[in-house]
Amino acid sequence: MKHLLFFFFSVFGILQGFAQSAHSLWYNKPAEYFEETLVLGNGKMGASVFGGVSSDKIFLNDITLWSGEPVNANMNPEAYKNIPAIREALKNEDYKLADELQRKVQGSFSQSYAPLGTLFLKFKGDDDAKNYRRELDISKAVSTVTYEIGEVKFTREYFISYPDQVMVIKLTSSKPGALSFDVNFDSQLKNTVTVAGQVMSAKGYAPVKAEPNYRGNKPDAVVFDENRGTRFSTQIRIKSKDGQLISTEKSIGLSGGSEALVYVSIATSFNGFDKNPATEGLNAELLANKQLKSAFSKSFDQLKKSHSTDYQQYFNRVSLNLGETDAPDLPTDERLRRYAEGKEDKNLEVLYFQFGRYLLISSSRTMGVPANLQGLWNPHIRPPWSSNYTTNINAEENYWLAENTNLSELHRPLLGFIKNAATTGEITAKTFYGVNGWTVCHNSDIWAMSNPVGEFGQGDPVWANWNMGGAWLSTHLWEHFIFTGDKKFLKEEAYPLMKGAAQFCLEWLVEDKNGKLITSPSTSPENKYKTPDGYVGATLYGGTADLAMIRECFLQTIESAKLLNQDVEFRGKLEAALAKLYPYQIGKKGNLQEWYYDWEDEDPQHRHQSHLFGLYPGNHITPAQTPELANACRKTLEIKGDETTGWSKGWRINLWARLWDGNHAYKMYRELLKYVEPDGVKTNYARGGGTYPNLFDAHPPFQIDGNFGGAAAVAEMLVQSTGNELRLLPALPDAWSNGSVKGICARGGFVVSMEWTNKSVKSLSIFARTGGKTTLYRGTEKREIVLKKGQTMELKW
């Protein structure tokens, strides 16, 4: 079986050479917009490469460089005293008053992810280039630019190394003496640039405050204080094969060479979410210098080899082909336009899937600092939505692909962040809600803030007052365990946090007039209801989304306590509360109600579908176990329609996959890849979501969650699993009737590789990482599987 799969992938790789690549993005001109750049990253340092001929511009980022400093979680110590009045207003059905009172249960806004700076490579000579090609090979995490001027061929090669913690740029010319360039640095942050010897150094600091961009052009929207804020250091040095190294007070360069390496090292003073980066921070300058010295002592080949070995240990775990393709070899932007016309390009569909995995490897390797709204790549000092952690969907969607696409280790930055957020979240639970446990509200940041935002009453409760982030985030802890079987992680790290999230929910629940447990007050993320008398509001009680997340949290916490054989009394309380939860309601249209009552939505096509959480990413609604609820979810999606923002499309594709409707999931996957012209930072819901020229997800503007959600959905179409079931090709579309996949992970610690023809699995390999049993479903066929740790089972049909 292993030989058969190896032969299949080898032959398919050869065939792919004659068509579009499934692992390369390429263009015949430099980038003009950020959304056209080719991005690189090592999980901490990020670069967005424009690839210009006479001047190359590279945006630099460090995932630990944010505005602000540790949050004062006790910012509104008596906010919880307003909860009884809100509940009384709701009991009296005075929703307008409840909305008004909610504003008293708000705190400060999050801080913003900051741009570090811009690196410029300015080349001397003619810029009339021909045969220009700009490329990113995601199988190697290497970008290249090639072009010719006259009879001289110029080549640039870029990568960012995780082992060596530097960016390396190799520049060559085919003619001796033809390579001359200067290196400059600039930043929107406060900074100074100096040159000492052959090293150019920039040091500076981030703002102590950066207002969210949606707050408009406020006075003092960005505030710098030389004694506060995160410090950064950038150090750059050139190593040349020939020619003359040159420098000025603000630049370094090469004159008359043919080959050179540019080493770029960056560091910040960030030392943890609870450490003041100015007074308790790391020495950014010392760190950057240490990294530069170490890397500079190595050759290009040494650096590239260690980079490739490190990166490919993750990327090469999963291979996917979706059958034969006759799509022509076109630049990626033209390829997207062609695809939007409805034409076939299976390798583009594979490329988008693997690009999602590439982005996670590149942006999620810093413990406690997960990928943010823009992953790692941000050029704006006030980026869209602060490029923060938006926990009512977006932060979680970033990690939907971590486990099932075989990148479990890259889930760790989020899992570590959850521990940080739980620390401030205990204070939030007490001071804003008057209960024990912990929670996180709508927004967070590198400082692990957990309070409801809104700037103490200025925020609309429709988004500012949501408080179920702890329940949602806690499900990622369980997911990591159920995929890996790591019981030590469950006992020592996950369960205490899961218990705290469940404790918050348990104490936050109250009885409705019929004795059922509900949340009050409640909101459904960013959506509004319309009451029979015409009031449009956000605050209510017993919102379906709240109860769905609480169900999932309780179910997983109960199961964890059983596995660990502990907390019998607490487990009993959760089981009793679970039995009393207000049940799902099916509305008059056959839809799953979003609200306690069968009310209309202000916007029936709203981008959020949080009340469908139990179907996905939760696991307690399924077509097999709860068919009526699954059908109600289907009706809800039909009412909402398919046109929505990028991240929302990513979510809906997963939802359709969970409904085992592969053709509808595929229809939306194609729509997720709809070409969107870049136009800078513009929020335009009317344009609908899609994909920018560089394959970034268009919300619009750019948000990375759609990339991750779309990639996760491909895996969900191919393999679905619970702790005791494993389904093969549950949502395979007709368009993918033949194909193969290697390395998809399933709950229970299984790794799946298979080949299918005419939508039927013909060969299967299942590897057991931890050992255990599951029920395998292949169409209508069902069989029990029991494997020992390290054992592989192979089947053919």
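A residue counts as buried when its relative accessible area is under 20%, as exposed when that area is over 50%, and as partly exposed in between, with a 1.4 Å probe and protein chains only. The model on display is predicted: local features need pLDDT of at least 70 and side-chain atom pairs count only at pLDDT 80 or more, whereas totals for chains, interfaces and linings use all residues. Residues are numbered from 1 along each chain as its sequence is written, and side-chain values use heavy atoms, with hydrogens and water left out.

**The whole protein**

Begin with the entire protein in a cartoon view. There are 19 helices and 36 strands; these are DSSP runs numbered from the N terminus, helices being H or I with at least four residues and strands E with at least two. The radius of gyration is 26 Å, close to the 28 Å that the globule rule gives for 797 residues, so the protein is as compact as a globular protein of that length. That radius is taken over C-alpha atoms, and the rule is 2.2 Å times the number of residues to the power 0.38. Along the principal axes, the C-alpha atoms fill a box of roughly 85 × 65 × 50 Å.

A surface view may follow. Of the 797 residues, 63% count as buried.

**Two exposed loop residues**

Select Asn758, in the loop between β32 (750–757) and β33 (760–768). Is Asn758 buried or exposed? Asn758 counts as exposed, because its relative accessibility is 61%. Although Asn758 is not a glycine, its phi is positive, about 50 degrees.

Next, select Asp220, which lies in the loop between β13 (209–210) and β14 (222–223). Asp220 has a phi near 55 degrees, a positive value in a residue other than glycine. With 57% relative accessibility, Asp220 counts as exposed.

**A buried serine**

Move to Ser233, in strand β15 (residues 231–240). Ser233 has 2% relative accessibility and therefore counts as buried. Which residues does Ser233 touch, not counting residues up to four places away in sequence? Ser233 touches Ala202, Lys203, Ser265, Ile266, Ala267, Ala284, Glu285 and Ala288. Contact here means heavy atoms within 4.5 Å.

**Two cis peptide bonds**

Select Tyr616 and Pro617, which are joined by a cis peptide bond with omega of about 10 degrees. Pro617 is placed in the loop between β26 (600–601) and α16 (627–640).

A cis peptide bond also joins His699 and Pro700, where omega is about -10 degrees. Pro700 is found in the loop between β28 (697–698) and α19.

Continue to helix α19 (residues 705–718), whose 14 residues should span 20 Å at 1.5 Å a residue; the end C-alpha atoms are 20 Å apart, which agrees. The expected span is 1.5 Å times one less than the number of residues in the helix. How many of the 14 residues of α19 are buried? The count is 14 of the 14, so α19 is largely enclosed by the rest of the structure.

Finally, select Val719, in strand β29 (residues 719–721). Val719 is buried, with a relative accessible area of 6%. Leaving aside residues up to four places away in sequence, Val719 touches Leu726, Arg727, Pro730, Ile744, Ala746, Val752 and Met754.
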